Amino acid sequence: MTSDSGRERILDAATRLFADLGYDGASTRLIAEAAGLNIATVAYHVGGKRDLYLAVMERAHQRERSALEAAVAELTPDADGVLRLLDRYIDFCVAHPEIPALWMRRWLSDAADIADLEGRYVRSLMDLVTGAVGEAVGPEVDVEYLVWSVIWCTHGFCRGGVLDAAGRRRRIDDPAALVRFRSHLRRMVSAALRPDGAPE
């Protein structure tokens, strides 16, 4: 096992466990076992639990930043462009449900002693997206709250889903529920766009 492959294997296991159990619920021993390694090997590749969590969050941020930067680079400041950006964001969350789960854990005060991740990672992505879509929304729309609403809804749907008529949870991995969710979010965002889809 190379150093890079060992580190990635550890980060993959840690990401799953931090997403499922939270920072406070996932021990270094549990992460090592999930990676098929011992604690000493984990420490050699990544460091202690705090270092591991910071590396997981950095990697998650870089993946999300890369996806959003690519989507924003292709954005046209009109209704179609904004809805394509929304679809790309939903697609990213479908492909990487662990990333919304990590942030949901933080919203519930998980790893509360590790401060400033929101300031370091979230703020820059919010600025990127709000700056990109601002021209396509009406002047009465709070674009920051619009973007936050998309994040809250998408993360909540990824993690908690919705209840069907039988009381079963339908989440982002349920194709029919995903179609309904995407359609709903597109309607919600469309309501905030300028009638002509173009800046004044």
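Six aromatic pairs were counted, a pair being two rings of Phe, Tyr or Trp (its six-membered ring) with centres within 6.5 Å. Planes under 30 degrees apart count as stacked, over 60 as edge-to-face, and the rest as tilted. The pair of Phe 18 and Tyr 53 is edge-to-face, because the ring centres are 5.3 Å apart and the planes stand at 80 degrees. Phe 18 belongs to helix α1 (residues 3–21) and Tyr 53 to helix α4 (residues 49–73), so this pair ties together parts 35 residues apart in sequence. Helices are DSSP runs of H or I, at least four residues long, numbered from the N terminus.

The model is predicted: local features need pLDDT of at least 70, side-chain atom pairs count only at pLDDT 80 or more, and totals for chains, interfaces and linings use all residues. Residues are numbered from 1 along each chain as its sequence is written, and side-chain values use heavy atoms, with hydrogens and water left out.

Both partners of this pair are shielded. Phe 18 is buried, with a relative accessible area of 1%. Tyr 53 is buried too, at 1% relative accessibility. Here buried means under 20% relative accessible area, exposed means over 50%, and partly exposed lies in between (1.4 Å probe, protein chains only). Ring pairs also bring in Tyr 23, giving a cluster of Phe 18, Tyr 23 and Tyr 53.

Charged groups also meet rings. The charged end of Lys 49 sits over the ring of Tyr 23, 4.5 Å from the ring centre. The criterion is NZ of Lys or CZ of Arg within 6 Å of the ring centre and within 35 degrees of the ring normal. Arg 120 likewise places its charged end over the ring of Tyr 121, 5.5 Å from the centre.

A nonpolar surface patch of about 490 Å² is formed by Trp 107, Leu 108, Tyr 145 and Trp 152. Patch residues have over 30% relative accessible area and no salt bridge, and nonpolar side chains are joined within 5 Å. A salt bridge is a side-chain nitrogen of Lys or Arg within 4 Å of a carboxyl oxygen of Asp or Glu. Trp 107 lies in helix α6 (residues 98–107). Trp 107 is partly exposed, at 36% relative accessible area.

A search of the whole structure returned zero disulfides (cysteine sulfur atoms within 2.5 Å). For Cys 153, the nearest cysteine sulfur is that of Cys 158, 11 Å away. Cys 153 is partly exposed, at 29% relative accessibility. The sulfur of Cys 158 has its closest cysteine sulfur in Cys 93, at 4.8 Å, too far for a bond. Cys 158 is buried, at 9%.

Note on methods. Helix = DSSP H or I, 4+ residues; strand = E, 2+ residues; numbered from the N terminus. Patch = residues over 30% accessible without salt bridge, like charges linked within 9 Å, V, L, I, M, F, W, Y side chains within 5 Å. Areas by Shrake-Rupley, 256 points an atom, 1.4 Å probe, with all protein chains shown as cover.
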